[in-house]
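Here are some friendly notes to read alongside the structure you are opening. Take the points in any order, and keep the view turning as you go.

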Amino acid sequence: MKNNRWIGWVAGILIIALVGYMALVYVLDPVMHYHAPWFGLKAQNGTARYNNYGIAKNVEFDSVILGASTFRHAKTSDYNTLYDANAARIVFIAGYYREQSDWLNYAFEKKGSLDNVFWILDAKGLLIGKDEYHYPNIPTYLYDDNLINDISYLLNKDMLPWMVRMLTNHTPLSFDSNDWRDDTGTDAIMKVYERSDTVKATLPVDDAFIAKVEGNIRQNIESIVIAHPETQFTFVTPPVNMFFWDGVIRAGELDQIMAAQRIVYDILSKYENVRIFNFLDSEELSKNYDLYSDTVHYLPEICTDIFEMTVAGEYMLTDENIDKKLNAQLEMITGYDYESLFMKENEK
């Protein structure tokens with residue numbers, strides 16, 4: 001009897017502890033799954049795939065800067081000034097377009113409408129299948145209004161340090177936050193760029209490839225443009241440096257990336273609420289390695305420069321210049337002396 005009583009006491013304490021923890025997660029709600037912060041507390045910066053849906057539900061904004069990590073350090077205040085907006089910066093690190101599209105559809109559902117969407121279309125993202133996700137095991141239980149699967153959130157032990165940060169106001173949510181700490185320049189890029197020893201055969205731009213790219217664009221991008229004619233969409237393919245193109249050439253992907261840029265233009269350019277910008281032909285940005293920490297990530301100031309240039313209409317694709325700009329881009333890529341980038345390393 002004593003043993004049964006002891007087991008009952010332990011079970012009761014565990015149940016009370018679990019219920020208490022669940023209640024604490026609900027009340028503090030560190031990822032804003034249920035509500036904006038109470039008691040004068042502030043939302044915290046955290047892992048985007050946990051934060052982003054709570055932002056859509058419980059943070060006020062009328063515009064969105066959406067993309068993967070290349071705009072992770074963008075200053076939303078600069079965008080707001082230039083675009084007369086109140087924007088949220090939504091980043092999915094290494095996120096493909098299905099994941100970004102799912103979130104944007106959810107944001108439209110919660111907000112009703114948005115004034116502007118500034119969407120970053122990274123060059124290689126266009127080559128991905130329409131339903132692919134970069135990471136498995138993303139917290140989809142936070143992406144719906146189903147109370148049953150919320151147990152994965154309410155009993156998530158990883159929420160404990162989030163709640164501590166919230167109570168101490170350690171990392172308050174800011175769309176201007178900037179944790180850039182990386183070195184830049186050729187030596188920094190060389191430390192993280194692994195050059196293939198071989199050059200693969202050129203990958204085909206065949207019917208299967210075209211169908212794959214078109215399926216990605218039509219499902220994850222065009223469908224949202226069509227559904228929201230009241231929203232101004234600005235699509236931006238950001239700059240990369242020549243190390244990136246060296247990797248593309250050696251992987252046999254150049255023809256496919258060039259073709260994908262044309263496909264996305266042909267599909268989206270016909271809509272009146274769309275502007276398309278492409279910075280891949282900018283020699284000034286592509287060949288200045290002091291701007292980059294690796295093949296694609298550049299100093300935060302470049303994001304503001306891109307905001308300014310899109311307002312001014314620079315690097316905008318039109319029916320009149322699309323062929324010229326893509327040809328100039330191809331000439332820059334194929335005419336570059338890539339071996340010169342590696343001469344110092346080879347001499348070592």
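Helices (H or I, at least four residues) and strands (E, at least two) are DSSP runs, numbered from the N terminus. This is a predicted model, in which local features need pLDDT of at least 70 and side-chain atom pairs count only at pLDDT 80 or more, while totals for chains, interfaces and linings use all residues. Residues are numbered from 1 along each chain as its sequence is written, and side-chain values use heavy atoms, with hydrogens and water left out.

1. **A pair in helix α4.** By salt bridge I mean a side-chain nitrogen of Lys or Arg within 4 Å of a carboxyl oxygen of Asp or Glu. Helix α4 covers residues 97–111, and because Arg98 and Asp102 are four residues apart in it, about one helical turn separates them. Arg98 is partly exposed at 24% relative accessibility, and Asp102 is partly exposed with a relative accessible area of 24%. Here buried means under 20% relative accessible area, exposed means over 50%, and partly exposed lies in between (1.4 Å probe, protein chains only).

2. As background, side chains of opposite charge can pair when their charged atoms come close.

3. **Two further pairs.** In helix α10 (residues 254–268), Arg262 and Asp266 are four residues apart, about one turn of the helix. Their side chains meet in a salt bridge of 3.1 Å, N to O. Arg262 is partly exposed at 27% relative accessibility, and Asp266 is partly exposed at 42%. Glu283 and Lys287 also join their side chains in a salt bridge, at 2.8 Å, N to O. Glu283 has 44% relative accessibility and counts as partly exposed; Lys287 is partly exposed too, at 31%.

4. **A negative patch.** Look next at the surface, where Glu284, Glu301, Asp305 and Glu308 gather in a patch of negative charge. Patches are made of residues with over 30% relative accessible area and no salt bridge, with like charges joined within 9 Å and nonpolar side chains (Val, Leu, Ile, Met, Phe, Trp, Tyr) within 5 Å. Lys and Arg count as positive and Asp and Glu as negative, while His and the chain ends are not counted. The place of a charge is taken as NZ of Lys, CZ of Arg, CG of Asp or CD of Glu. Helix α12 (residues 300–312) gives the most to this patch, with three residues. Glu308 sits in helix α12 and is partly exposed, with a relative accessible area of 41%.

5. **A nonpolar patch.** Leu18, Ile151 and Leu155 form a nonpolar patch on the surface, with about 240 Å² of accessible area together. Accessible areas come from the Shrake-Rupley method with a 1.4 Å probe, and for residues only the protein chains shown count as cover. Ile151 belongs to helix α5 (residues 151–154) and is partly exposed, at a relative accessible area of 41%.

6. **One face of helix α6.** Where do the buried residues of α6 fall when seen down its axis? The buried residues in this helix (residues 159–168) include Met159, Trp162, Met163 and Met166. Seen down the axis of α6, its buried residues fall within an arc of 95°, so they line one face of the helix. The arc is that of the directions from the helix axis to the C-beta atoms. Just after α6, Asn169 takes a positive phi of about 50°.

7. **Positive phi in loops.** Most residues other than glycine have a negative phi. Phe39 has a positive phi of about 60° although it is not a glycine. Phe39 lies in the loop between α1 (2–28) and α2 (48–58) and counts as exposed at 66% relative accessibility. Asn137 also has a positive phi, near 60°. Its loop runs between β3 (116–120) and α5, and Asn137 is exposed at 77% relative accessibility.

8. **A buried loop residue.** Is Asn241 buried or exposed? Asn241 is buried, with a relative accessible area of 0%, and is found in the loop between β4 (232–237) and α9 (242–250). Asn241 and Tyr289 are 48 residues apart in sequence and 7.0 Å apart in space, C-alpha to C-alpha.
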